[in-house]
Amino acid sequence: MSDLGERDGFDRVLVVDFGAQYARLIARRVREAHVLSEIVPREITAAEVAARRPVGIILSGGPASVYAEDAYTLDPEVLDLGIPVLGICYGHQLLAQMLGGDVARTGAAEFGKTDLAVAGEGVLLAALEARQTVWMSHRDAVVRPPAGFAVTATTAASPVAAMEDRAGGRYGVQFHPEVVHTPRGDEVLKAFLLEACRARPNWTRASIIEQAVAAVRRRVGEEKVLCGLSGGVDSAVAAALVHRAVGDQLTCVFIDHGLLRGGEAGQVVETFRSHFRVDLVHVEAAERFLTALAGVTDPEAKRRAIGETFIRVFEEVAAAHSDARFLVQGTLYPDVIESGTRDAARIKSHHNVGGLPADMRLELVEPLRDMFKDEVRAVGEELGLPEEMVWRQPFPGPGLAVRIIGEVTPERLEILRAADAIILEEVRRAGLYRRLWQAFGVLPAVRSVGVQGDERTYAYPLIVRAVTSEDAMTADWARLPYEVLERISSRVINEVPGINRVAYDISSKPPATIEWE
């Protein structure tokens, strides 16, 4: 469990994951209501739930049918803990089934915008008018509620579109209040959180900082601490939080692994020495990382090689600071989810999570481990970090190594650096930098035939990737103007030796990921 998770001060709502993207979006909406959420696996036991001391539980939607042979289920004792429960879509149907109601395939599925009729008084829908537009995505429907439940809403295909057992603290809605297509869905979630669960809405940037600082002080005590800086917002905010907590006990370490974008290493050193009054150790280790990556083509192997090399270099720095016991990392909640836990299958190992060696000597301190990226930015602003640091587009810890598809070589790094610089220049020129989550280039280690100056070329293609997102858990490909894409393509082909064609990635996440590796 993370430092944030171990401390008191925040009421917690558990989101049981019956379908990853549904659960993650629900968790975000709960946090937007200033209540701490935590995604947990459907296999969680009642004892494990009780140990987390939540004030509420939300059962997410999911793609399955409650009557499928391999249908997801829940430890029935969870419903006997006396903790308010809200079921959404699949969670609504599962709640009804487990408590004795009837779920059936009516033959009238509902997908998309649906008219909802509020059918009676209730906690969740109390503030809504009699007719509402909601977003549905289901084939099965609850046709009879369990004993003790009142039906509070219906639709043409859902006789029980919402139900409540106020005395038992159990609630269900067939529609998705977490999506923007349910215009007043946030009010439904807030009613559950604030009225049914009596949760305190104190998950705010100021309280997050206060509690994180207190947690770090408790964990670290009088010990010395090292913090790994990458130049990105995550490590910067983590450093600022820990510095506020322990002051001169902190030494920041910037390892130049040779996988950064052009001119970035110098910018990182200059920025941190100007804005942080802390000891900064600058380690140049490009050759060491390239040696570790020589001949490596598998993306998971790349991340493991980079993660282990990072730690070994940190341990060497720590040996020079022999009294240092802790290592601060800017690990975020999406890093933990994607790297694979009981809560989620592994999508990719982040070098600072799945890539860490088992025999680390330093103990980790991760004050951002429970936060999404937008929460980290808000905390950074509250801490007074400069705008260019807080709003820098995310850049992977393994750097350009995971944007070169194949072996990482000095030649490929230089080609990609030059092309990536052009992409960012043109994105900024078009005024799109803050509107995009990320924009970057990907260099596959393959070559294709082209023609320049009436001569045959055999060079690399460049893939341009630009996405919009709120938190990197889901993302959509950005509809860049054709003139911007044309300028990028023209400049890259004309200015970067080694590239003879440019393609644009129009994949969303899911099914793709944002980074290619």
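**Helix α14 and its setting**

The model is predicted. Its chain has 15 helices and 20 strands. The radius of gyration is 25 Å, close to the 24 Å that the globule rule gives for 517 residues, so the chain is as compact as a globular protein of that length. Along the principal axes, the C-alpha trace spans about 70 × 65 × 40 Å. Buried residues account for 58% of the 517. Take the contacts between residues at least 6 apart in sequence: 75% of them join residues at least 24 apart. The exposed surface comes to about 21300 Å², with 49% of it supplied by carbon and sulfur atoms.

Now the helix. α14 covers residues 410–429, 20 residues in total. From first C-alpha to last it reaches 29 Å, close to the 28 Å expected at 1.5 Å a residue. Its buried residues include the nonpolar L413, I415, L416, A419, I422, I423, L424 and V427.

Just after α14, G431 takes a positive phi of about 70°.

Next, the cores. The largest nonpolar core holds 94 residues, and V237, L241 and I255 touch the most other members. Helix α7 (residues 233–246) gives the most to this core, with 10 residues. Beyond its neighbours within four places in sequence, L241 is in contact with I209, A212, V213, P367, L368, V379 and L383. A second, separate core has 37 residues, among them V13, V15, I88 and C197.

Last, the cysteines. The disulfide count is 0, with a cut-off of 2.5 Å between sulfur atoms. C227 is buried, at a relative accessible area of 0%. Its closest cysteine sulfur is in C252, 4.7 Å away, which is too far for a bond. C89 also counts as buried, at 3% relative accessibility. The closest cysteine sulfur to that of C89 is in C197, 20 Å away and too far for a bond.

How values were computed:
Residues are numbered from 1 along each chain as its sequence is written. This is a predicted model: local features need pLDDT of at least 70, side-chain atom pairs count only at pLDDT 80 or more; totals for chains, interfaces and linings use all residues. Side-chain values use heavy atoms; hydrogens and water are left out. A nonpolar core is a set of buried Ala, Val, Leu, Ile, Met, Phe, Trp, Tyr and Cys residues joined through side-chain atoms within 4.5 Å. Buried means under 20% relative accessible area, exposed over 50%, partly exposed in between (1.4 Å probe, protein chains only). Helices (H or I, at least four residues) and strands (E, at least two) are DSSP runs, numbered from the N terminus. Contact means heavy atoms within 4.5 Å. The radius of gyration is taken over C-alpha atoms; the globule rule is 2.2 Å times the number of residues to the power 0.38. Accessible areas come from the Shrake-Rupley method with a 1.4 Å probe; for residues, only the protein chains shown count as cover. The expected span of a helix is 1.5 Å times one less than its number of residues.
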